[in-house]
Amino acid sequence: MGAKTKAEVVEYASKHTIEEKLTAAVNEAILSNSPDPLGVIAAILQRESAARGAVDYDLVRNEIKSLLENQLWDDGSLGPKFVRLAWHSSGTWDPVTKTGGSNGAGMRFEAERSDPENNGLMEGQAFLEPIKKKFPGISYSDLWVLAAYVFIEQSGGPAMEFTPGRVDHADENAPAMPPIGRLPAAEKYIVKGQQDEQGRAMGWEKLAMHIRDEVFGRMGFTDRETVALITGGHVYGRCHPQDTGYAGAWVEEPTKWSNEYAADMVGDDWRLVTKEDTWLESIGAKELIPSGDKQQYVNRKKPDEIEAPDATQFLPGKYKVCSGFVNVRKEPDVKSDIIGQPQRDECLNLVAVKLFGTAVRGRLDTSGWVSIIASGGKVLFEREGDLELQPGTYRTAGECDLHSSAGGDKTGKLPAGDHKLASVALGADGRAIWAEVEGGAGWLAVLSEENGVVADRIVEGFNDKQTDKEFEDPPAPNQMMLVSDMVLAWDPEYRKVIEEYAENEEALTSDFGAAFKKLTELGCNF
Ligand code: HEM
C-alpha cells in the first residue's frame with residue numbers, strides 16, 4: 001500500500017473517528033467476557049489496521065528474504081533459527097486454559113524467555129528486530145511466524161499461506177502467558193548412562209509418552225502430524241552446545257528442505273555418546289561431542305569397533321554408486337589424488353577388489369580406485385552384476401608381455417602407449433583378463449595375478465587427456481540425533497510414519513506444511 005492522499009485521510013477520519021473505533025472495541029471486549037479485555041481491544045485494533053493494508057506483507061516477506069542468507073552464521077542461513085523461534089513461540093499452546101501459542105509473542109518477556117528450552121532464541125528475535133522497526137504495524141507474533149514460512153518455502157519446503165492477525169501481549173502479566181515447562185525436553189524421563197541391549201536409552205517409553213501426550217497430544221496433534229513436524233523441523237539447523245549442551249546437525253545440508261532426516265534415521269546405525277566419547281575427535285567428528293550431562297546419538301562408529309569386511313564377498317564386477325558421489329583416486333589410499341567423481345547411480349567396472357584395513361577398494365577398468373566400503377564402514381556401492389569388459393583403446397604405462405593366446409606362451413613385447421584391443425574377456429580361471437591386440441600382434445594380460453592391472457580403458461572426457469581439473473573432497477558428514485528424535489524410530493506407531501517419509505518426500509512435504517500451519521495458528525482468533 002502506498003501513502004494515503006490527504007483527501008483519503010480526511011474522508012477516513014470523517015467516517016470513523018478514533019473515539020468511535022475505541023468505543024466499539026471496548027464494547028466488544030466487555031461482551032467477550034474475556035479475562036484479558038485489553039488484549040481483546042488490542043486485537044481488534046490491530047486486525048482493523050491490518051485489514052486496511054497498514055502492513056504490506058509482501059514487502060515484509062522481501063525484507064525477510066534478504067536477511068536470511070548470512071555466511072557468518074552457522075551453515076550460512078538464519079532460517080533454521082527462525083523456524084525454531086516460530087515453533088517455540090507456538091508450541092506452548094494449551095487448549096484447556098487457552099494459554100500459550102504464537103499469539104502474543106510472550107517470549108519477549110522474561111517469564112517465557114527464561115524457559116531453558118528457549119536458550120539461544122533471543123538471537124533469532126534480535127535478527128528480526130530491524131524488520132519490526134521498519135514495519136511497526138506487523139506484530140512480533142506475526143513476524144516470527146512469517147519469517148519461518150518465508151525460509152521454509154525458500155529452502156525448497158512447502159509454501160504455506162500466511163494469515164496475519166496475531167496480537168502481541170502488552171506485558172508479561174497478560175493472562176494468556178504460558179507457564180514454563182510446556183515445551184518438549186529431548187531427554188525427559190531418560191535414565192542417564194543406561195541403555196538396553198538394542199542401544200535404546202533407558203526410559204525411552206516414558207519419553208515417547210512425553211512427546212505423544214504431554215506435548216503434541218496436548219495441542220491436538222496426531223502421531224502422523226507429530227512425526228511430520230519433528231522430521232521436517234530437524235532437517236534444518238543444528239544444536240549449539242553453548243545453548244543446550246547438544247552438538248551438531250541432523251543432516252548433511254541443514255539449510256535445504258529434504259526427507260534426509262527420515263532416510264538417515266531408518267538407514268544409518270546410531271550410537272549413544274556423551275562428553276566422555278572423545279574418540280569422536282580422533283575421527284574428525286569433534287562437533288558431535290555433547291557437553292555437560294547431555295547424551296545424544298551419532299552415526300559414527302568407534303574406530304576399533306569397525307570390523308574388517310570380508311573382501312571375498314565382493315567379487316570383481318559391475319558396481320553402482322549408491323552414495324551422493326564417490327571419489328576415484330589414483331592409488332588405493334585415501335591421501336592419493338582424486339581423479340574423478342562419479343555420481344549416484346553411475347555404474348563402474350571394478351576389475352580387482354582388495355581389502356585395505358577396514359575398507360574394501362576396487363580398481364576401475366579405466367584407472368583409479370574407489371572405496372566399495374569406506375574405512376568408517378559406510379557402504380558406497382552395490383554390485384549390479386558381472387564385469388562388462390569392453391573392447392576399445394587401452395593405455396599401458398610400461399612395456400608388457402605379449403602372448404600367443406589367452407593364457408598362452410610369451411611371444412614378444414608390447415610397448416607402452418595406446419593400443420586397440422579387439423576382444424576383452426575373462427581368462428579360463430575366471431580371474432585374469434585377456435585381450436587380443438588389434439592387428440594380430442598377440443594377447444595381453446590386462447589383469448593377472450603376477451602383474452595386477454597393466455592397461456587402462458580410455459574413456460573420452462575421463463582419462464583420454466591430462467586435465468588440471470581439481471576435485472573437492474568434502475569431509476565425511478557428521479550427523480546426530482537427539483534421544484527424542486530416536487524415539488521416532490523406536491516407537492512402533494511413529495516408526496511406521498517415519499519409514500513412509502524416508503521413501504516418500506512428497507508426503508512429508510505436504511504433511512509438514514499442513515501441520516506447521518496448524519501449529520503456528522493454535523489459539524489465534526483470526
Ligand atoms: C520432541 C520434540 C523436539 C525436541 C525435544 C526438540 C529439541 C531441540 C533441541 C535440543 C535443539 C537444539 C537447539 C540448540 O542447541 O540451539 C533443537 C533445534 C531445532 N529444532 Fe527442535 N525439537 C523438537 C521438535 C521440533 C519441531 C517440531 C520443530 C519445527 C517444526 C523443530 C525445529 C528445530 C530447528 C529448526 C532447530 C535448529 C535451530 C538452529 O539451528 O538454531 N524442533 N530442537
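These legends describe close-up views of a predicted model.

**View 1. Four domains make up the domain assignment of the protein chain.**
Domain 1 covers residues 6-154. Domain 2 comes in two pieces, 204-299 and 478-521. Domain 3 spans 311-385, and domain 4 spans 392-457. The centres of domain 1 and domain 4, taken over C-alpha atoms, are 75 Å apart.

**View 2. The ligand lies between domain 1 and domain 2.**
Why there? Both domains give residues to the shell around the ligand, so the ligand lies between them. The shell holds 26 residues. Pro80, Gly233, Gly237, Cys239 and Thr244 are the closest.

Which element gives the most? H5 does, with five residues. Sorted by class, the shell has 13 nonpolar, eight polar and five charged residues.

**View 3. Three strands form an open sheet in the order E3-E4-E20.**
The pairing is antiparallel. Strand E3 (271-273) and strand E20 (480-481) are the edge strands, and each pairs on one side only. In general, strands of a sheet pair through backbone hydrogen bonds, in a parallel or antiparallel way. Strand E4 (residues 296-298) is joined to E20 by two bridges. Look for Val298: its bridge partner in E20 is Met480.

**View 4. Strand E5 pairs with strand E8 and with strand E11.**
E5 covers residues 317-321, and E8 covers residues 347-356. Four bridges link E5 and E8, in the antiparallel sense. Here Lys318 stands opposite Asn349 in E8. E11 takes in residues 381-385. Four bridges join E5 to E11, and these strands also run antiparallel. Which residue in E11 stands opposite Lys320? Glu382 does.

**View 5. Helix H11 crosses helix H14.**
H11 runs over residues 260-267, and H14 over residues 492-503. Their axes come within 8 Å and cross at roughly 115°. The crossing is left-handed. From H11, the residues in this contact are Ala262, Ala263, Met265 and Val266. They meet Ile498, Glu499, Tyr501 and Ala502 in H14. How do the contact residues divide by class? Seven are nonpolar, none is polar and one is charged.

Methods: Residues numbered from 1 in each chain as written. Predicted model: local features only at pLDDT ≥ 70, side-chain atom pairs only at ≥ 80, totals over all residues. Near = placed C-beta within 6 Å. Nonpolar A, V, L, I, M, F, W, Y, C, P; charged D, E, K, R; others polar. Domains from an automatic or database assignment. Pairing = 2+ DSSP bridges. Axes fitted to C-alpha atoms, helices over the stretch in contact; angles between N-to-C directions. Left-handed = near helix turned anticlockwise from the far one by under 90°. Contact = placed C-beta atoms within 7 Å.
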